[in-house]
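Please read it with the model open.

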Amino acid sequence: MSSIFDDIKENIHITQSLDQTPHHVMEDVHYHDCYEIIFFLSDNISYFVKDEIYPIVKYDLIFIPPFTIHKVTQTDGKYYERIVINFKKIFFVIHLLIMEF
């Protein structure tokens with residue numbers, strides 16, 4: 001299994017994605033230099049993170065630390081929909097400093 005570094009340029013990046021391929025599977029694991037939160041909008045998904053596979057149902061939320069390999073391993077539905085929020089540590093540092101004033 002190969003791994004791919006997915007470079008996120010912004011301090012925060014939010015996407016909503018819909019893959020309509022039945023039984024969607026990512027070929028390679030990937031990782032980022034930022035945190036990732038995934039909010040699942042579809043059911044019956046298996047998601048690999050680090051060294052575990054997790055069963056995911058609609059409205060589950062997962063948090064992935066920086067440099068942690070992950071990927072979709074299986075979808076049983078007709079589509080795979082999710083909202084993904086990627087953010088760098090500096091995003092929180094900046095906003096925490098602003099809140100302190």
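1. Lys88 counts as buried, at 15% relative accessibility; buried means under 20% relative accessible area, exposed over 50%, and partly exposed in between (1.4 Å probe, protein chains only). The side chain of Lys88 meets that of Asp33 in a salt bridge, 3.2 Å from N to O. This pair links distant parts of the chain, 55 residues apart: Lys88 lies in the loop between β9 and α1, Asp33 in the loop between β3 (29-31) and β4 (35-40). Asp33 is partly exposed, with a relative accessible area of 27%.

2. This is a predicted model: local features need pLDDT of at least 70, side-chain atom pairs count only at pLDDT 80 or more, and totals for chains, interfaces and linings use all residues. Residues are numbered from 1 along each chain as its sequence is written, and side-chain values use heavy atoms, with hydrogens and water left out.

3. How many salt bridges does the structure hold? There are 2, a salt bridge being a side-chain nitrogen of Lys or Arg within 4 Å of a carboxyl oxygen of Asp or Glu. One of them joins Asp19 and Arg82, with the closest N and O atoms 2.8 Å apart. Asp19 is in strand β2 (residues 12-19) and Arg82 in strand β9 (residues 80-87), 63 residues apart. Strands (E, at least two residues) and helices (H or I, at least four) are DSSP runs, numbered from the N terminus. Arg82 is buried at 10%, whereas Asp19 is partly exposed at 22%.

4. Ile98, in helix α1 (residues 89-100), is exposed at 54% relative accessible area.
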